[in-house]
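Please keep the sequence and the coordinates in view while reading.

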Amino acid sequence: MSIKPSKFNHQDKPQKQKSIKLKSKQSNNDRSEKTREDDDLIYGRHTVQAALKSERSLNRIWVIPPLRYDPRFHTLLNEAKARGTIVDEVDDRRLDQITHRKNHQGIAAQISPYEYKDLDELISQAKSKTDQPILLVADGLNDPHNLGAIIRTAEALGVQGLIIPQRRAVGITSTVTKVAAGALENFPVARVTNLSRALDELKKEKFWIYGTVADDGELIHTVKFTGAIVLVVGSEAEGLSLLTQKNCDFLISIPMSGNTSSLNVSVATGMALYEIHRQRWS
């Protein structure tokens with residue numbers, strides 16, 4: 001049976017960003033609650049609980065009364081309130097309105113803008129945790145669901161952090177936070193203006209740069225991942241840019257045996273990270 005490399009540069013269509021428009025009687029309170037979902041609204045028990053435990057800055061929380069006094073949330077909500085967060089007890093109908101009938105599970109929160117790490121700080125933090133750190137670079141991802149899924153997998157597999165470009169790429173939105181399912185509360189992200197310079201800086205810090213490509217890369221299971229590592233993944237449609245490829249020390253591909261010619265970027269990234277993780281555990 002022939003084996004062919006998988007494509008990291010697949011044609012996943014980015015999801016359109018939506019805005020939350022709350023029906024109201026134009027009261028001052030209602031106007032203040034009009035928030036854009038992909039900018040500052042998170043919801044769901046696990047996601048909000050993780051934000052509360054990490055003492056993330058939250059502007060406002062909407063919660064149903066039974067959950068307000070649930071032992072899992074009561075103390076956390078009181079602590080958030082003491083830090084200045086507004087805690088509103090509302091019914092399910094109001095939460096349906098705020099979240100546009102998403103699966104809110106009785107709680108939603110308006111978060112403050114995400115605080116990115118400086119690249120130097122991210123590198124220093126990664127090196128302080130292990131002598132063989134792993135960092136992830138996402139080159140131009142546009143779909144927040146893909147980015148959130150990648151962050152969730154990376155944190156679970158012990159990656160020390162993520163680097164994303166400031167331009168032509170999705171940042172850390174509430175959708176990313178929701179899909180990451182709490183992982184962002186323990187996973188630092190740096191946003192850089194020039195990805196090529198960032199990769200050069202990582203090389204100076206003794207990191208080996210591995211770029212993922214559709215074809216002609218070394219088959220991933222034949223590569224020995226040792227030392228400090230940076231795994232670079234490309235955009236949904238275009239994969240790694242030629243400039244980014246030139247900045248990599250190695251180009252790698254996932255071998256495939258079936259008729260499917262490509263994988264979702266978050267799936268492919270998870271497979272690559274697991275191979276690195278497997279070798280570290282062997």
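Ser54 counts as partly exposed, at 32% relative accessibility, where buried means under 20% relative accessible area, exposed over 50% and partly exposed in between, with a 1.4 Å probe and protein chains only. The model is a predicted one, in which local features need pLDDT of at least 70 and side-chain atom pairs count only at pLDDT 80 or more, while totals for chains, interfaces and linings use all residues. Residues are numbered from 1 along each chain as its sequence is written, and side-chain values use heavy atoms, with hydrogens and water left out.

**The protein as a whole**

The secondary structure comes to twelve helices and 13 strands; helices (H or I, at least four residues) and strands (E, at least two) are DSSP runs, numbered from the N terminus. Of the 282 residues of the protein, 52% count as buried. Among the contacts with a separation of 6 or more, 80% are accounted for by residues 24 or more positions apart, a contact being heavy atoms within 4.5 Å.

Ser54 is 132 residues from Asn186 in sequence, yet the two are 8.0 Å apart in space, C-alpha to C-alpha. Just after helix 3, Glu55 takes a positive phi of about 60°. Ser57, at 43% relative accessibility, counts as partly exposed. When its neighbours within four places in sequence are left aside, Ser57 is in contact with Ile111 and Ser112; Ser57 and Ser112 are 55 residues apart in sequence and 5.7 Å apart in space, C-alpha to C-alpha.

**Two helix pairs**

Two packed helices are described by the angle between their axes and the distance between the axes. Here the axes are lines fitted to C-alpha atoms, for helices over the stretch in contact, and angles run from 0 to 180 degrees between N-to-C directions.

| Helix pair | Axis distance | Crossing angle |
|---|---|---|
| Helix 3 and helix 5 | within 10 Å | roughly 55° |
| Helix 8 (residues 144-156) and helix 12 (residues 265-281) | within 9 Å | roughly 15° |

The axes of helix 3 and helix 5 cross at roughly 55°, which makes helix 3 oblique to helix 5, given that angles under 35 degrees count as roughly parallel, over 145 as roughly antiparallel, 65 to 115 as roughly perpendicular and the rest as oblique. The crossing of helix 3 and helix 5 is left-handed; a crossing is left-handed if the near helix is turned anticlockwise from the far one by less than a right angle, and right-handed if clockwise. Gln49, Leu52 and Lys53 in helix 3 meet Leu76, Leu77 and Ala80 in helix 5. By class, the contact of helix 3 with helix 5 has four nonpolar, one polar and one charged residues, where Ala, Val, Leu, Ile, Met, Phe, Trp, Tyr, Cys and Pro count as nonpolar, Asp, Glu, Lys and Arg as charged, and the others, Gly among them, as polar.

Helix 8 and helix 12 are roughly parallel to each other, and their crossing is right-handed. On the helix 8 side the contact is made by Asn146, Ala149, Ile150, Thr153 and Ala154, and on the helix 12 side by Val265, Ser266, Thr269, Gly270 and Leu273. The residues of the contact of helix 8 with helix 12 divide into five nonpolar, five polar and no charged.

In helix 10 (residues 195-204), Leu195, Ser196, Ala198, Leu199 and Leu202 are buried. Seen down the axis of helix 10, its buried residues fall within an arc of 160°, so they line one face of the helix; the arc is that of the directions from the helix axis to the C-beta atoms. Arg197 and Lys204, on the other side of helix 10, are exposed.

Lys206 is found in the loop between helix 10 and strand 9 (207-212). Lys206 has a positive phi of about 75° although it is not a glycine, and at 67% relative accessibility Lys206 counts as exposed. Arg101, placed in the loop between helix 6 (92-99) and strand 5, has a phi near 60°, a positive value in a residue other than glycine. Arg101 is exposed, with a relative accessible area of 68%.
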